[in-house]
Amino acid sequence: MTNDSFLRYAEEYTDMVFRLAFHYLGTKMDAEDVTQNVLIKLYQSEKSFDSQDHVRNWLVRVTVNECKSLFRSGWRHTESLDELGEASAPPVTLYDPFGHGRAGPEEGGALAAVMRLPAKYRMVIYLYYYEEYDTGEIAELLHIPAATVRTRLARGRERLKQDLKEVATE
């Protein structure tokens, strides 16, 4: 890979890799570590990419694999969502890891609810709604059956609905 192509890919996809890792892992430090590792693998890769979609899919696969590797390692950082919210945002707003600026209180409730979901639901919701992959593509990227993706989407949506109802009644 040439330096120019690496720089172009890194500029275009670093945010996506970080958001995916953050969504999977739930901590900023771990997401930064994974992003760095993925970019190193991209730089060292001798793979020739056919299209932008090919690069994007390769980066998603490598990011998911790096996240899984981090879960298996004994060096995982632990940082609660409450601590992250207090440390990185004013009390009225929450940090939006999707790069859409600051979220207001109503969006912060939805974002916080998504981040409280188990990783298996967070990942499919993120890939479906934010990266706009269809269920077949998500299945291929995560190496799970498409039916499992659809089930996780349905269960994740149901959990979000319940969590958001609870927040609204408080």
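Me: A residue is called exposed when its relative accessible area is over 50%. Why is E132 called exposed in this model?

Reply: E132 has a relative accessibility of 66%, and the label needs over 50%, so E132 counts as exposed. Keep in mind that this is a predicted model. E132 sits in the loop between α6 and α7, and E132 has a positive phi of about 60° although this residue is not a glycine.

Me: Why is H143 called exposed?

Reply: H143 has a relative accessible area of 57%, and the cut-off is over 50%, so H143 is exposed. The loop that holds H143 runs between α7 and α8. H143 also takes a positive phi of about 60° without being a glycine.

Me: Let's turn to E131. Why is E131 called buried?

Reply: Its relative accessibility is 7%, and buried means under 20%, so E131 counts as buried. E131 is placed in the loop between α6 and α7. Leaving aside residues up to four places away in sequence, E131 touches M16, R19, R56 and Y126.

Me: What makes the pair R56 and E131 a salt bridge?

Reply: The N to O distance between the two side chains is 3.1 Å. A salt bridge asks for a Lys or Arg side-chain nitrogen within 4 Å of an Asp or Glu carboxyl oxygen, so the pair qualifies. This bridge links distant parts of the chain: R56 is in helix α3 (residues 52-72), E131 is in the loop between α6 (119-130) and α7 (135-142), and they are 75 residues apart. Both partners are buried.

Me: Which residue joins R56 and E131 in a network of salt bridges?

Reply: R19 does, and the three are linked in one network. The side chains of E131 and R19 are also joined by a polar contact of 3.2 Å, against a limit of within 3.5 Å for such contacts.

Me: How do you know that R61 forms a salt bridge with E140?

Reply: Their closest N and O atoms are 2.8 Å apart, and the limit is within 4 Å, so the bridge counts. Here too the pair links distant parts of the chain, with R61 in helix α3 and E140 in helix α7, 79 residues apart.

Me: Why is R61 called partly exposed?

Reply: R61 has a relative accessible area of 26%. Buried needs under 20% and exposed needs over 50%, so a value in between is called partly exposed.

Me: What makes E158 and K161 a salt bridge?

Reply: Their closest N and O atoms are 3.8 Å apart, and the cut-off is within 4 Å, so the pair counts. Both residues lie in helix α8 (residues 146-169), three residues apart, about one turn of the helix. An α-helix has 3.6 residues a turn, so residues three or four places apart point the same way. E158 is partly exposed at 38%, and K161 is partly exposed at 45%. The structure holds five salt bridges.

Me: How do you know that the side chains of N57 and Y133 make a polar contact?

Reply: The contact distance is 2.9 Å, and a polar contact needs N or O atoms within 3.5 Å. N57 and Y133 are 76 residues apart in sequence, with 9.8 Å from C-alpha to C-alpha. N57 belongs to helix α3 and, residues up to four places away aside, touches Y133 and L141. At 21%, N57 is partly exposed, because buried would need under 20%.

Me: What makes Y130 part of a nonpolar surface patch?

Reply: Y130 has a relative accessible area of 35%, and a patch residue needs over 30% and no salt bridge. Together, Y128, Y129 and Y130 make a patch of about 290 Å². Y130 is in helix α6.

Me: How many helices and strands does the protein have?

Reply: Eight helices and two strands, in the order α-α-α-α-β-β-α-α-α-α along the sequence. Helix α1 (residues 3-25) bends by about 50° at Y13. Of the 170 residues, 43% are buried.

How values were computed: Residues numbered from 1 in each chain as written. Predicted model: local features only at pLDDT ≥ 70, side-chain atom pairs only at ≥ 80, totals over all residues. Heavy atoms only, no water. Helix = DSSP H or I, 4+ residues; strand = E, 2+ residues; numbered from the N terminus. Buried < 20%, exposed > 50% of the residue type's maximum accessible area, 1.4 Å probe, protein only. Patch = residues over 30% accessible without salt bridge, like charges linked within 9 Å, V, L, I, M, F, W, Y side chains within 5 Å. Areas by Shrake-Rupley, 256 points an atom, 1.4 Å probe, with all protein chains shown as cover. Polar contact = N/O pair within 3.5 Å; in protein donor to acceptor, adjacent residues only side chain to side chain. Contact = heavy atoms within 4.5 Å. Bend = angle between axes of the 7 residues up to and from the residue.
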